[in-house]
Amino acid sequence: MAAHRKPRQRSAGGNTARTAWTIALAGAATATGFDGTGHAEPQLTPAQVKAKVDKLYQEAEAATEKYNGAKEQADAGRQRIRNLQDQAARKTEKLNSAREALGSMAAAQYRDGGLDPALQLALSEDPDRYLDGAEFAERAGNRQASSVASVRKQLREIEQLRGAAHVELTSLKSRQAELKRHKKTITGKLDSARDLLTRLTAEEQARLDDRATRSSTGARDALSSPGSATAQAPNARAAAAVSYAYAKLGSPYVWGATGPNAFDCSGLTQAAYREAGVSLPRTTYAQIDAGRRVSRSELRPGDLVFFYSGISHVGLYIGNGQMIHAPNPSAPVRVAPLDEMPFAGATRVV
């Protein structure tokens, strides 16, 4: 009788291992096409590159305005710290003088305070003169008490100044950390934009540059001269700001710059009005509140025009639907149509 054999059981683990290997191999074949190469990143068209670069520039500019705001606050904080330190130094000097005066009083008391007043009166050759002297001594004692109280008050004031300076210093350190974060964001966005542009051929880059140049030149040619813009300005200071902006056409865009040879967008408008004798805040989101809001239909040369929902870009209106602005690192200060970006509002500064 033949012995019955049990059928050999297959290892579940072996099946799992082979299945996993098969799946992995199939995945590798799909990924490489069995030719040893991975899927290449989709090739972007020049228009897609431009759209991505423009978005990166917009995001970098939004971060730039935050950087500008943090820097403005940090600079103000440094000035407050210097003022507090100056006040503390002056009060410390005054305190030291008061302490010296108290020390002289204490030394005199120690020298003259050994005899009982009644005995001093009894031994005095001139009781009237002594009594006059005793009255003076009492008044001197009152002055001494007042001096002590003044010293204590000065000590408290100095401690308060030191405390305020410590608070300002803590705030300044926070602002400095914020500056570093915004700077990292800005440089990261700009580096990404540059990397995208390097993927274009020289011919494609030239075509994009030529299109931007023709757009800027066409907008500039639409105005006969700076004089036509300044003549329509609502006042002399607005006209002076427009003249300054015209004089800066072609200046490079540098984030964080406020002139005289390079600008970011809010740096240009701030410098233009500074030349006209008007002080503007540093950032776009503060500049929009620096004057009276006007509608697009009311625009006059010299008005500030703002773009994007986050109020992250600003230009100086020059009439005929055009503005002068500092666009981004890829383009210098130039004339451009308002429709180039999504309009967000306008302000008449003066």
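**A buried partner**

At 17% relative accessibility, glutamate 168 counts as buried (under 20% relative accessible area; exposed is over 50%, partly exposed in between, with a 1.4 Å probe and protein chains only). The side chain of glutamate 168 meets that of arginine 80 in a salt bridge, 2.8 Å from N to O. Arginine 80 sits in helix 2 and glutamate 168 in helix 4 (residues 127-198), so the pair ties together parts that are 88 residues apart in sequence. Arginine 80 itself is partly exposed, at 39%.

**About the model**

This is a predicted model, where local features need pLDDT of at least 70 and side-chain atom pairs count only at pLDDT 80 or more, while totals for chains, interfaces and linings use all residues. Residues are numbered from 1 along each chain as its sequence is written, and side-chain values use heavy atoms, leaving out hydrogens and water.

In total, the structure holds 15 salt bridges (a side-chain nitrogen of Lys or Arg within 4 Å of a carboxyl oxygen of Asp or Glu). One of them links glutamate 59 with lysine 55, at 3.5 Å from N to O. These two are four residues apart in helix 2, which means about one helical turn separates them. Helices are DSSP runs (H or I, at least four residues), numbered from the N terminus.
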